[in-house]
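Hi there,

Here is the structure I promised to pass on. Have a look at it first, and then read my notes below.

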Amino acid sequence: LHATTMPHFLLSLSLSILAHVLGPSRPPSASARAAARRATALRAAEPAEELDRMFFDRAELFVRSGAGGVGAVSMNGQRPVGGNGGAGGDVVLLCDGSLNTLGHLRGRASVRGDRGDDARGKESGRSAREAIVRVPPNCRVSELESGDAVGELREPGERLLIAAGGQGGEGNGDGYRRTRDSRRNYPPGGSTRARLLLSMTLVADVGLIGHPNAGKSTLLRAATRARPKVADYPFTTLVPNLGVCEGGGGAMLWLDIPGLLEGAHEGRGLGRAFLRHVERCRLLLHLVDGESAEPAAEYLAINRELQLYSPRLAATPQVVLVSKAELPHVAERINETVAAIRAVAPHGRILPFSAHSGLNVQQLMQRTHALLRQVQHQQAQEAEAEAEEAEAEAEA
């Protein structure tokens with residue numbers, strides 16, 4: 001071979017040997033393509049949707065009850081004796097007090113009830129056992145597509161039938177035992193299907209709200225036995241924290257909500273993933289960072305997000321707390337900070353405090369408990385008035 005053609009020849013030979021060793025390229029399998037599509041969808045998902053998945057307070061579930069078993073056609077001489085088929089298994093939700101998230105349903109896309117056994121001769125088939133799905137307290141169930149409410153489980157031990165199993169098919173023996181006019185064999189019942197959305201809310205007496213790093217978790221540690229993560233940077237709290245406050249004249253359940261930002265009602269920051277958890281709180285402790293250069297603006301920004309998310313939530317009674325009052329530069333202008341918030345707040349419930357030094361913490365617990373009792377009494381009166389009004393309308 002000519003010297004000038006030698007490199008091209010060696011290159012072609014090397015490529016041929018490499019292709020022979022590796023073999024022809026194969027297209028990706030269907031499972032590989034599906035995995036790639038799922039990964040692309042996850043990368044393209046909105047941050048708020050990723051947070052919703054991470055918090056495990058919502059789950060989609062497909063349920064299908066079991067179909068009924070087939071009845072038998074059997075004769076004993078000239079007398080029909082065929083047994084009935086067994087009933088299909090129901091799908092039932094059971095409220096379990098040991099659960100506090102819906103994380104155990106992650107990856108469990110469907111729940112199916114068993115089919116009832118077929119009859120054998122004159123022996124009827126056995127009914128299938130029900131399929132039980134355990135959910136935490138305060139779990140709402142609605143249809144996925146229409147959003148129509150199916151039910152709600154609040155207390156441990158409560159049950160909710162979400163898909164009834166099909167009835168067992170009738171054998172000729174049961175039809176023979178009825179009157180002649182109604183003698184006919186009933187076929188087995190089919191299964192019931194439903195696509196459901198499960199959502200849960202943490203129910204507490206008092207909710208702690210405010211901007212990131214305002215001192216909510218530090219206050220929860222000081223007032224209760226809860227031990228949430230505390231650090232000097234925003235978004236330390238990534239999941240809700242519950243604590244029982246036993247001071248101030250009685251026990252109160254406090255809920256620490258991760259910090260909110262402007263646009264939270266649209267899903268910015270930790271947004272909607274936690275706003276729904278404060279909807280049932282009777283009282284809100286609104287923490288404002290004492291080191292903030294614009295405390296009134298921060299206060300108004302949080303309340304604006306509450307109003308945009310739910311006017312009912314914005315109407316929940318609040319106590320405004322100015323945090324970090326133990327710091328010298330905060331203490332120097334604490335009166336100015338309180339005056340700025342008082343000028344824009346619709347009430348005068350404003351209190352500086354320090355979770356580190358204990359300044360006004362006991363006073364806060366006593367005032368919170370007293371206000372909570374007032375709110376509970378007012379809510380009870382409103383509920384009683386609504387019940388009387390509904391009763392009067394029914395009688396009319």
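Helix α11 covers residues 361–395, and at 1.5 Å a residue its 35 residues should span 51 Å; the C-alpha atoms at its ends are 51 Å apart, which agrees. The expected span here is 1.5 Å times one less than the number of residues in the helix. Helices (H or I, at least four residues) and strands (E, at least two) are DSSP runs, numbered from the N terminus. Several residues of α11 are buried, among them V361, L364, M365 and T368, as well as H369, L371, L372 and V375. Buried means under 20% relative accessible area, exposed over 50%, and partly exposed in between, using a 1.4 Å probe and protein chains only.

A word on where this comes from: it is a predicted model, so local features need pLDDT of at least 70 and side-chain atom pairs count only at pLDDT 80 or more, while totals for chains, interfaces and linings use all residues. Residues are numbered from 1 along each chain as its sequence is written, and side-chain values use heavy atoms, with hydrogens and water left out.

Next, the sheet. Three strands form an open sheet in the order β6-β4-β9, with mixed pairing. β6 and β9 stand at the edges with a single partner strand each, so one side of each has no neighbour in the sheet. From one strand to the next, the twist averages 30 degrees; the angles are taken between N-to-C directions of lines fitted to C-alpha atoms (for helices over the stretch in contact) and run from 0 to 180 degrees.

Strand β4 (residues 91–95) pairs with β6 (residues 131–135) in the parallel sense over five bridges, and four bridges join β4 to β9 (residues 159–163), which run antiparallel. Two strands count as paired if DSSP finds at least two bridges between them. On the β6 side, L94 has R134 as its bridge partner and C95 stands opposite V135; in β9, the partner of L93 is L160.

How many of the residues of β4 are buried? Five of its five are: V91, L93 and C95 on one side, and V92 and L94 on the other.

Finally, the cysteines. The structure holds zero disulfides, a disulfide being a pair of cysteine sulfur atoms within 2.5 Å. For C95, the nearest cysteine sulfur is that of C139, 7.9 Å away. C95 is buried at a relative accessible area of 4%, and C281 also counts as buried, at 5%.
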